[in-house]
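Please look through the model below before reading my notes. Keep the sequence beside you as you go.

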Amino acid sequence: LLASTLQHEKPELELRKTELLKQEEDLKIQLANLESSLLEELANAKGNILENKELLDSLNKTKASSITITESLVESVRLQSSLDQERNTYLGLAESGSCLYFVISDLAKINNMYKFSLASFLRLFQRALQSKHDGSSTDLRLKTLSSKLLMLVYEYVCRSLFKADRMMFAMHMVHGFKPELFEENEWEAFTGVLVADVKGDGGKTISWVDEERYAAAAAFKANFPKLYQTLDLEDTGLWSNFSRSSQCEQEFPSAVERKISLFHQVLVTQATRPDRLMSSMGLFACRAL
């Protein structure tokens with residue numbers, strides 16, 4: 001992916017890199033040949049080598065050539081290092097592309113029908129690179145390309161999924177592409193991998209929660225005690241609008257919303273208002289991506 005990016009965005013870098021590598025290999029071969037020639041001359045020398053003028057002249061020439069080649073190799077390595085620094089500017093886009101590919105590859109674990117080839121992904125990557133260049137800075141250009149690639153991949157994959165699985169893919173995509181949005185154990189609790197050992201009536205202290213949600217509320221409290229304390233879910237007045245709203249995912253108390261992350265809002269909705277979970281997940285995915 002990095003090679004494809006550079007070939008499209010900075011073809012001169014790849015060309016120069018190839019030339020330097022070829023030059024370095026040629027210099028190494030020349031140095032090896034000089035060493036072999038030197039050993040052969042020493043092995044075939046007769047008499048006192050200190051009195052062999054031809055041999056001494058040859059040794060001096062070999063030494064001079066060796067120094068020149070060594071200096072050229074050092075310069076070649078320096079130039080390659082400089083080129084690599086410039087190439088690494090584009091590494092972030094390649095890493096994002098790689099991450100996206102493995103995200104969509106994981107879909108096959110959910111349904112064998114959801115298999116996407118590397119060739120199809122590379123075509124999407126090339127399409128993203130064809131985005132019009134508006135002359136902006138390199139950093140802005142890379143952000144534009146990354147967003148374009150994300151959109152192309154999402155639209156392409158969603159067309160291939162059953163409708164019921166599209167929200168799952170959106171969440172999976174956020175988790176794979178932006179793991180920094182999730183704190184420890186949050187994704188595991190959300191997906192049911194992390195299960196708290198609690199009593200079914202442990203959530204009774206939250207009076208505005210329906211009785212059938214007591215167990216889920218208790219599990220939420222056990223899994224995230226600090227977050228539970230921050231939310232102050234037992235304050236009925238604070239959460240009254242949220243509990244009654246038909247769009248509760250957009251009615252978080254302002255005093256609480258400032259203290260929690262976007263995914264915390266999804267977790268709260270899952271535990272207390274699962275009837276609005278799909279909408280909450282959709283809102284989270286839109287904001288995150």
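This is a predicted model: local features need pLDDT of at least 70, side-chain atom pairs count only at pLDDT 80 or more; totals for chains, interfaces and linings use all residues.

1. Residues are numbered from 1 along each chain as its sequence is written, and side-chain values use heavy atoms, with hydrogens and water left out.

2. The chain has 14 helices and zero strands. Helices (H or I, at least four residues) and strands (E, at least two) are DSSP runs, numbered from the N terminus.

3. The C-alpha trace spans about 105 × 40 × 40 Å along its principal axes. The radius of gyration of the chain is 31 Å, whereas a compact globule of 289 residues would have one near 19 Å. That radius is taken over C-alpha atoms, and the globule rule is 2.2 Å times the number of residues to the power 0.38.

4. Of the 289 residues, 37% count as buried (under 20% relative accessible area, 1.4 Å probe, protein chains only).

5. Helix α4 (residues 91-105) packs against helix α5 (residues 118-129) at an angle of about 145°, and their axes are 11 Å apart. Axes are lines fitted to C-alpha atoms, for helices over the stretch in contact; angles run from 0 to 180 degrees between N-to-C directions.

6. Which residues of α4 and α5 make the contact? From α4 come L93, G97, L100, Y101 and I104; from α5 come L118, F121, F125 and L129. Contact means heavy atoms within 4.5 Å.

Notes
Buried means under 20% relative accessible area, exposed over 50%, partly exposed in between (1.4 Å probe, protein chains only).
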